[in-house]
Each structure stands twice: as C-alpha cells, then as structure tokens.
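Thanks for making time this morning. Please have a look at the model on the screen, and then I will walk you through one part of it.

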Amino acid sequence: MIKPVFAGLGVLWLAATLVFFALRLLPGDAISAQISEGGLSAAQIAERRAALGLDRPVLMQYGRWLAGLLSGDLGVSLLDSRPVTEIVGQQLAPTLALAVSALLTAIILGSGLGIAAGLGMESARLVLTLALSAPIYWTGTLAIWLFAVVLDWLPTSGGSGTGSLVLPSLVLGLHTAGSIGRVIAANVNATLDADFILTARMKGLTERSIMGRHVLRVSLLPAVNVVALQAGFLLSGVVITETLFLRPGVGRVLLDAVLRQDYPVVQGIALWIALVYLAVNTAADVIVRQLDPRVAA
C-alpha cells in the first residue's frame, strides 16, 4: 500500500515540475504583457515582478513554489493577485458536473454500443468508428446546429440549469464512449469463441444466460481500466467542450490562463488535473483487484 502512495506522489511531482519549467521556456508572462497593452508602465511592471519573486532565478522560483505546495499554497494569479486555490475552487463545481455526467454517458453508450458491435451489429460499429474519428469540436458544432438551432430542444450555451448540461455531456460522452465500446466489442467477440462458452452451450444453457453470466462478466471487466484511462481524454475534452458551449468551469479558466500567460493558474490547474487522473486510475485498480481474483493474487 505504501509503494503506490509514493509512486503517486512521484507522478504528481513530475507533472508539476514539467509544467513549471515548460511554461518558463515561453517568452514573457502575464505581467510583462501588460506593457504592450498599456495597462502598466515599465517601472510598475518591474515592481510587481519583484513583489511576486519573478525577478529571481528560475530554480529559486521553483523551490519557492514547491515549498508552497507542501503547505497547500498554489500561488496567486499574475493578473489579479487572487489565490489560485480560490480561482479553481470557484469553477470546480460546473466542471465536475460536466465530467461526471459525460463519464456516465460514456459508460452507458460505450457498453451498449460495444456489446452490440461485438455481436455483429454493423450500425453500432459505425457509430463507434465515428466517435473515435470525428473531432469533438465538429461533433459539438453539429449537435448545436441540430438540437439547438433546427429542433430548438436544448440551449446552445450557458451553465445554469440541467438543460444546459445535456448537450455538452452527450457530445463529450460520445467521444469517450468510442474507446470504451471498441474494447468491449473486441472482448465480446473473442469471448464468444472461447472454449468455456462452447461448454456452456453443450450443457444446454440459453443464449441469454450465457450472455449475462459468462460473456458480459468476462468482457466488461477490462473496460474498467479503459474507463480510467479515458479520464485523461475527458479532462482535456472538458476544455474544448466548455469553450464551445460557453460554459463556466476550470477548462475555460485554463485556456484563458494559457493565452494570457498566467503561469500560477496554469500550474495549479495542471496539478489538479494530474491529481484527479491519478485518483481515478487508483480507484480503477482497486475495483479490478476486487472483481478479478487473478489480479489480486
């Protein structure tokens, strides 16, 4: 139990370090950019950079940032001096609502389409192929045009109310369902040809019983790890989806911080994403160990 904890902390440290130094390779920052915008004079810029420690060597900035992380301090925004924890906390609820609803949609769609495709349904295979190959911004634009403009069933944007969550959840969930469904389809197809399925048929079990007790039980287990791996795509897809549907959330804050070179905000959100991804994968490993005795052994 101790070893996975240290491994997880190592992953978080590596992710935080890579983001920190990658951002420093870019020219300028949010404060120096204000000179060209006419917001602050050069003297004011230098004063603010000194106050935030940005005039110090990079390694010294890195050590100071790591020390802050150990105490739960993610720093402050370069633009408005607000704590990064406050900025992320205010936008966390709508992002989690979108991510959870999209993941549930992906599991339902992926499982249904994967089983159907594994049983030979060509239309299900076509949908899975489209989900895997079509860009998310193209699917989202098409969904907005059809369900919001033509049919007028759902709102095109916004983050208030359940109705505004349906369309982005379906778009993001469909793309995540592609990988889940593909793995389930391959496992269903392979399991149907296994020797124990032939034995079950020879014993006189009905096809419905064989599917429920044997085929699905074996085929759905590998999908647990796939769902966890898709959490990374889901979190990256949230950025595009929130921007496309004009929803509030961490994704839009991250995009705005990248464009405006607000380093502390980007670092804080990247660390939060790495933490969520690590937690989801750890939970998936625990579930697989509980469901599959071979893994636990």
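This is a predicted model: local features need pLDDT of at least 70, side-chain atom pairs count only at pLDDT 80 or more; totals for chains, interfaces and linings use all residues.

Which residue follows α7, and what is its phi? Helix α7 is followed by Asp-152, whose phi is positive, near 55°. Residues are numbered from 1 along each chain as its sequence is written, and side-chain values use heavy atoms, with hydrogens and water left out.

Helices here are DSSP runs of H or I, at least four residues, numbered from the N terminus. With 15 residues, α7 reaches 20 Å from its first C-alpha to its last, close to the 21 Å expected at 1.5 Å a residue, the expected span being 1.5 Å times one less than the number of residues.

Ile-136, Thr-139, Gly-140, Ala-143, Ile-144 and Ala-148 are the buried residues of α7, where buried means under 20% relative accessible area with a 1.4 Å probe, protein chains only. These buried residues pack against α8 (163-192) and α11 (223-244), with contact taken as heavy atoms within 4.5 Å.

Helix α7 (residues 136-150) also gives seven residues, the largest share, to a nonpolar patch. That patch lies on the surface and includes Tyr-137, Trp-138 and Ile-240; its members have over 30% relative accessible area and no salt bridge, and their nonpolar side chains (Val, Leu, Ile, Met, Phe, Trp, Tyr) are joined within 5 Å. A salt bridge is a side-chain nitrogen of Lys or Arg within 4 Å of a carboxyl oxygen of Asp or Glu.

Conventions: Patches are made of residues with over 30% relative accessible area and no salt bridge: like charges are joined within 9 Å, nonpolar side chains (Val, Leu, Ile, Met, Phe, Trp, Tyr) within 5 Å. Accessible areas come from the Shrake-Rupley method with a 1.4 Å probe; for residues, only the protein chains shown count as cover. Helices (H or I, at least four residues) and strands (E, at least two) are DSSP runs, numbered from the N terminus. Buried means under 20% relative accessible area, exposed over 50%, partly exposed in between (1.4 Å probe, protein chains only).
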